[in-house]
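Thanks for coming. I will show one chain and walk through it element by element. Please have a look at it first.

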Amino acid sequence: MEGENRKIHIRLHVYDMDIPVNVVQEEEPFYRNAAKLITETVNRYSEQYRATKSMKEILYMAMIDIALNHEFLKEHNDTQPYDDILKTLTAEIEEALGEKS
């Protein structure tokens with residue numbers, strides 16, 4: 001069984017619901033943190049808008065909030081432009097070294 005990702009059964013508490021999930025054991029903390037993030041975000045929007053918005057609207061607002069944060073982080077952690085520059089520089093250095101040999 002070595003090298004295999006062992007799955008475990010956990011119950012995640014997400015806002016007002018317990019959800020059974022099978023997860024790879026090493027990924028359990030990520031699932032628990034995600035559930036906590038969802039719960040905190042929904043609670044924040046619920047406190048602010050429960051008198052004027054439906055629960056469905058509050059859930060969608062929370063999902064947009066979390067998705068936007070994900071997109072911003074993805075954009076700021078995009079290393080592709082740096083990878084492209086490094087490839088170009090490496091090619092130029094190798095070409096220059098090749099000409100001198």
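A word on the source. This is a predicted model, in which local features need pLDDT of at least 70 and side-chain atom pairs count only at pLDDT 80 or more, while totals for chains, interfaces and linings use all residues. Residues are numbered from 1 along each chain as its sequence is written, and side-chain values use heavy atoms, with hydrogens and water left out.

Now the overall layout. The chain has three helices and two strands; these are DSSP runs, with H or I over at least four residues for helices and E over at least two for strands, numbered from the N terminus. In sequence order the pattern is β-β-α-α-α.

How does the radius of gyration of the chain stand against that of a compact globule? The chain has 23 Å, whereas a compact globule of 101 residues would have a value near 13 Å. That radius is taken over C-alpha atoms, and the globule rule is 2.2 Å times the number of residues to the power 0.38. Along the principal axes, the C-alpha trace spans about 75 × 45 × 15 Å.

Of the 101 residues, 16% count as buried. The classes are buried at under 20% relative accessible area, exposed at over 50%, and partly exposed in between, with a 1.4 Å probe and protein chains only.

Tyr-15 sits in the loop between strand 1 (7-14) and strand 2 (17-24). Tyr-15 has a positive phi of about 55° although it is not a glycine. With 22% relative accessibility, Tyr-15 counts as partly exposed.

Next, charges. Side chains of opposite charge can pair when their charged atoms come close. The rule here is a side-chain nitrogen of Lys or Arg within 4 Å of a carboxyl oxygen of Asp or Glu, and it gives four salt bridges.

Glu-40 is partly exposed, at 43% relative accessibility.

Another joins Asp-65 and Arg-44, at 2.9 Å from N to O. Asp-65 belongs to helix 2 (residues 55-76) and Arg-44 to helix 1, so this pair ties together parts that are 21 residues apart in sequence. Is Asp-65 buried or exposed? Asp-65 counts as buried, at 16% relative accessibility, while Arg-44 is partly exposed, at 43%. Leaving out residues up to four places away in sequence, Asp-65 touches Thr-41, Arg-44 and Tyr-45.

Glu-71 and Lys-74 also form a salt bridge, with the closest N and O atoms 3.3 Å apart. These two are three residues apart in helix 2, about one helical turn. Glu-71 is partly exposed at 40% relative accessibility, and Lys-74 is partly exposed at 47%.

Now the rings. A pair of aromatic rings is described by the distance of the centres and the angle of the planes. Rings of Phe, Tyr and Trp (its six-membered ring) pair if their centres lie within 6.5 Å; planes under 30 degrees apart count as stacked, over 60 as edge-to-face and the rest as tilted. By this rule there is one aromatic pair. Why is the pair of Tyr-45 and Tyr-49 called stacked? Their ring centres are 6.2 Å apart and their planes are at 15°, so the pair counts as stacked. Both tyrosines lie in helix 1 (residues 28-49), four residues apart, about one turn of the helix. Tyr-45 is buried, with a relative accessible area of 17%, and Tyr-49 is partly exposed, with 25%.

Last, the surface. Ile-85, Leu-86, Leu-89, Ile-93 and Leu-97 form a nonpolar surface patch with about 490 Å² of accessible area together. Patches are made of residues with over 30% relative accessible area and no salt bridge; like charges are joined within 9 Å, and nonpolar side chains (Val, Leu, Ile, Met, Phe, Trp, Tyr) within 5 Å. Of these residues, Ile-93 has its place in helix 3 (residues 80-100).

Key
Areas by Shrake-Rupley, 256 points an atom, 1.4 Å probe, with all protein chains shown as cover. Contact = heavy atoms within 4.5 Å.
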